[in-house]
Amino acid sequence: MIIYIIISIVMAINLVNTSDEKEKAIKKINKYLIVKLIVNFLLSHFMIMILVRVTQRKAWYTMLLPALLSFIFSIIDSVSLYDTVKKIRDLKCGRKEYYFQVIGDNILLYLSWVMASLLHIFGTSEKNDYIFILGYFIFWCIFNFIILHLRKYIMKCKEVSNKKLINVINKHYVEGYKIFEYNGQIRKSANALVDCMFGRGNIYFSDYLLENMTEEEIEAIYLHEIGHIKKKHITIRNILLIMIMPLMYFVGIIMDEIEKVQHINIFLGITLGMGILIGYMVFFYLYVSRRQEYEADQYAVKNINETAVLCRALKKLNELNDILESKNDNVVLKTHPTVIQRIKRIEAYTGGKK
Ligand SMILES: [Zn+2]
């Protein structure tokens, strides 16, 4: 484990050559982080499996360890990139602020996994399947509620003070939703997102985005987020995530059936289970997530005067986040299509109307 951490740190520090151009360097970093996310996931499971084999002991907390290990690995990856990212993107933030945000991001990312593992540990001792399933759904509701409030704290959200955004909000009111500004300056992050539960929720705008966009562009982005709300995208995504447990449960039943006729090696079993889980996430969940982006874009263009404003806003988002795309960028592992793909769809949808 220590060797892996050392390798990770050395790789992160040496990832970008001094001769690399800014765009190339950022692309390298983003690709590296995605690959590492998967490697961390697989390796942490593998390490714990070996640990259980060697010690011949499986305590209740063993189930929690892969998530915790991945969480630690992921933080180490991001933290070791601090100097590189700061230099390339010319960030003005201090080390402490940056670390706080990186750790916060990872907490939001891994908390669901830790909680799901915890539930699994206590759930498997419950013999009644119906009580377990009911507990599982109650757990998800509580969990969603926690995330909703935790995000506000971690992202240091504050009341909206930006005049342009206030004008936009007054123009398009959405019931049940609160709008917040968060600190995006620290890492020069231009983003907007929406969170919800049972038809109520929050929309978050980074102040870095608000400062650098015109009121019309902010309106286009805001309408895109409303598109997500109106088309119930967050609920659909949550249901897809909730379905992971029943899916794995079902896979377990099938494997038990096969086991009756043919013995399945434990390593093969785990590889198969994990393969199905990764396949579900990559080819189904992420695919749906990308389709939702197109749908939210469509909603936005339907409700703005000028289609070109949305396209301009999307391009600006990339510029502000220092992302340079090429036509053949691979998006299989991403929640969002590329801006080039989105603009193409918007133009096809509106038939070239300005
Ligand atoms: Zn979106």
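Two residues are taken to be in contact if their C-beta atoms, placed from the backbone, lie within 7 Å. The structure described here is a predicted model, in which local features need a pLDDT of at least 70 and side-chain atom pairs count only at pLDDT 80 or more, while totals for chains, interfaces and linings use all residues. Residues are numbered from 1 along each chain as its sequence is written. The pLDDT, which is the predictor's confidence in each residue on a scale from 0 to 100, averages 86 over the protein, and 97% of the residues score at least 70. Among the elements, named as DSSP runs numbered from the N terminus (helices, H or I, of at least four residues; strands, E, of at least two), the lowest mean pLDDT, 82, belongs to helix α1 (residues 2-14), and the highest, 96, to α9.

Ala 300 touches Ala 220, Leu 223, His 224, Gly 227 and Leu 310, when residues up to four places away in sequence are not counted. Ala 300, Ala 220 and Leu 310 are also among the residues with the most contacts inside the largest nonpolar core, which has 33 residues. Such a core is a set of buried Ala, Val, Leu, Ile, Met, Phe, Trp, Tyr and Cys residues joined through C-beta atoms within 7 Å, where a residue is buried if 20 or more other C-beta atoms lie within 10 Å of its own, exposed if 12 or fewer, and partly exposed in between. Elements that give two or more residues to this core include α7 (163-171), β2 (177-182), β3 (192-197), β4 (200-206), α9 (215-230) and α12 (266-303), and the greatest contribution, seven residues, comes from α9. Another core lies apart from it and has seven residues, including Val 16, Ile 29, Leu 81 and Val 85.

Four strands form an open sheet with mixed pairing, in the order β1-β2-β4-β3, two strands being paired if DSSP finds at least two bridges between them. Because β1 (158-159) and β3 stand at the edges, each with a single partner strand, one side of each is left without a neighbour in the sheet. The strands β1 and β2 run antiparallel and are joined by two bridges, with Glu 159 standing opposite Phe 180 in β2. By contrast, β2 and β4 run parallel and are joined by six bridges; Ile 179 has Ile 203 in β4 as its bridge partner, and Tyr 182 stands opposite Ser 206 in β4. Helix α9 packs on the sheet, where it touches β2, β3 and β4, and its direction makes about 25° with that of β3.

Gln 185 is placed in the loop between β2 and β3 and counts as partly exposed, because 15 C-beta neighbours lie inside 10 Å. Leaving aside neighbours within four places in sequence, Gln 185 is in contact with Asp 207 and Tyr 208.

Elsewhere, helix α2 (residues 22-55) packs with helix α3 (residues 65-80) at an angle of about 145°, their axes being 8 Å apart; axes are lines fitted to C-alpha atoms, for helices over the stretch in contact, and angles run from 0 to 180 degrees between N-to-C directions. The contact involves residues of α2 including Leu 33, Leu 37, Phe 41 and Ile 48, and residues of α3 including Leu 65, Leu 69 and Phe 73. In helix α4 (residues 82-89), Tyr 82 is partly exposed, with 17 other C-beta atoms within 10 Å, and touches Arg 95 and Tyr 98, residues up to four places away in sequence not being counted.
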